[in-house]
Amino acid sequence: MKSFKDVFENYQWDEVKNKLEKVSLADVRYSLQKKNKTLDDFLNLLSPAASQELELMARMTKALTQKRFGKIIQLYAPLYLSNECQNICTYCGFSLDNHLKRKTLSDMELMIEASVLKSMGVNHVLLVSGEANKIVGVPYFQNAVRKLKPHFSNISIEVQPLLEEEYKLLHEEGVHSVLVYQETYHQDVYREYHPKGKKSNFHFRLETPDRIGRAGIHKIGLGVLLGLEDWRVDSFFNALHIDYLQKQYWKSKFSVSFPRLRPAEGIIEPNFIMEDKDLLQLICAYRIWNEDLEISISTRENETFRNNIVSLGATAMSAGSKTNPGGYAVDKESLEQFETSDERSMEEIKMMIKKAGYDPVMKDWDSVYSGF
């Protein structure tokens, strides 16, 4: 059965890196004026040379986003179910070798957290957990979705990679979208960041979006952890992945997120520093290349950046986020996955969006249209 692995194996990390370094300003300008953009154009817009045209790219990004998505920002909030994890990941607060307090929400605690989110006006919830199949496996997720479905119009998940049949079960329960990050596409060093656990299997994770697509999930979210490896090379491979998936699973929608490495318990320092201007260039490159791609900005980013990105490509933002299980009400001191940077409330984010001339929307899809 065909998978992204077949495409991935035709590309080499160092070759992509060399291509990026050789892009000229003329190449960038040629890509900017082309009507139908290709992956080669994305590579040009990602290059160091393209930073010289960032102002033009930002103007184009603003116009393209408004043309396709209007002046709307979808708002959502994460609900962390568990910080139990059987992986050792050198960049994550949930890593197995962090011997700190672990917590998994009970049914009652789940509903308490949900009630706080509802009081904030949240109607799109993202369920997040560490990767511990025996404690928070598919039955746990099914139960959580069943309990939350009557209260939220849109339920997304960001959990351990699952089998195709398991994604189908969750799709039947009402899961709208699945987010899964390769973290880095640099296969030669991937194991160094993931020395123990199921996550250390590079190819099993690489083929996860294929299993999500075959399961018929409505939306698939991808991204890389910016700071592990060269963000330009990693982002090219992420775009390559999205390009393949859009052609293979054309009934699904796609989104991209931009998690920059943030402080957390026991994690490494970033190997590659990504400045705000670099992240803006990356967002612009994605939008100019792919007008249909949804672009999500989390509370990892600071207030100033999030204020400005509202009119420069963002289509979705999290707000009021807590990154630990029970963080909204049940257990505010439990181990968090990472520190948030923008700690403003949902209401403050709504007001900021309105002040920018945009409309904050608490959901982008309703289960009444799903056929469930």
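Biologist: In which helix is Asp243 found?
Modeller: Asp243 lies in helix α12, residues 231-248. Helices here are DSSP runs of H or I with at least four residues, strands are runs of E with at least two, and both are numbered from the N terminus. This is a predicted model, in which local features need pLDDT of at least 70 and side-chain atom pairs count only at 80 or more, while totals for chains, interfaces and linings use all residues. Residues are numbered from 1 along each chain as its sequence is written, and side-chain values use heavy atoms, without hydrogens or water.

Biologist: What makes Asp243 buried or exposed?
Modeller: Its relative accessible area is 17%. Buried means under 20%, exposed over 50%, and partly exposed in between, with a 1.4 Å probe and protein chains only. Asp243 therefore counts as buried.

Biologist: Which residues does Asp243 touch, beyond those up to four places away in sequence?
Modeller: Leu39 and Trp289. A contact means heavy atoms within 4.5 Å.

Biologist: Why is helix α4 described as mostly covered?
Modeller: Of the 8 residues in α4 (39-46), 7 are buried. They are Leu39, Asp41, Phe42, Leu43, Asn44, Leu45 and Leu46. The cover over these buried residues includes α2 (13-22), α3 (25-33), α5 (54-69), α12 and α13 (276-289).

Biologist: What makes α4 and α12 roughly parallel or roughly antiparallel?
Modeller: Their axes cross at roughly 155° and come within 10 Å. The axes are lines fitted to C-alpha atoms, for helices over the stretch in contact, and the angle runs from 0 to 180 degrees between N-to-C directions. Under 35 degrees is roughly parallel, over 145 roughly antiparallel, 65 to 115 roughly perpendicular, and the rest oblique. So α4 and α12 are roughly antiparallel.

Biologist: Why is Asp107 with Lys147 called a salt bridge?
Modeller: The N to O distance between these side chains is 3.9 Å. A salt bridge needs a side-chain nitrogen of Lys or Arg within 4 Å of a carboxyl oxygen of Asp or Glu, so the pair qualifies.

Biologist: What does the Asp107 and Lys147 pair tie together?
Modeller: Asp107 is in α6 (107-119) and Lys147 in α7 (138-148), so the pair ties parts 40 residues apart in sequence. At 36%, Asp107 is partly exposed. Lys147, at 31%, is partly exposed.

Biologist: How many salt bridges does the structure hold?
Modeller: There are 24. Another of them pairs Arg344 with Glu303, whose closest N and O atoms are 4.0 Å apart. Arg344 sits in the loop between β8 (316-318) and α15 (346-355), and Glu303 in α14 (303-309), 41 residues apart. Arg344 is buried at 11%, while Glu303 is partly exposed at 40%.

Biologist: What separates Lys350 and Glu347 along helix α15?
Modeller: About one helical turn, because they are 3 residues apart. Their side chains meet in a salt bridge of 3.3 Å, N to O. Lys350 is buried at 15%, and Glu347 is partly exposed at 46%. Elsewhere, salt bridges that share partners join Glu131, Glu183, Lys199 and Arg205 into one network.

Biologist: What is noted about the phi of Glu183?
Modeller: It is positive, about 75°, although Glu183 is not a glycine. Glu183 lies in the loop between β4 (177-179) and α9 (187-193). With a relative accessible area of 8%, Glu183 is buried.

Biologist: Why is Gln160 classed as it is for burial?
Modeller: At 2% relative accessibility, Gln160 counts as buried. Gln160 is in the loop between β3 (154-158) and α8 (164-173). Beyond four places in sequence, its contacts include Ser129, Glu131, Phe141 and Tyr167. Gln160 and Cys85 are 75 residues apart in sequence and 9.5 Å apart in space, C-alpha to C-alpha.

Biologist: What is the mean pLDDT of the protein?
Modeller: The mean is 92, and 93% of residues reach 70 or more. Over residues 365-372 the pLDDT is below 50, and this stretch has 12 contacts beyond near neighbours in sequence. The pLDDT scale gives the predictor's confidence in each residue, from 0 to 100.
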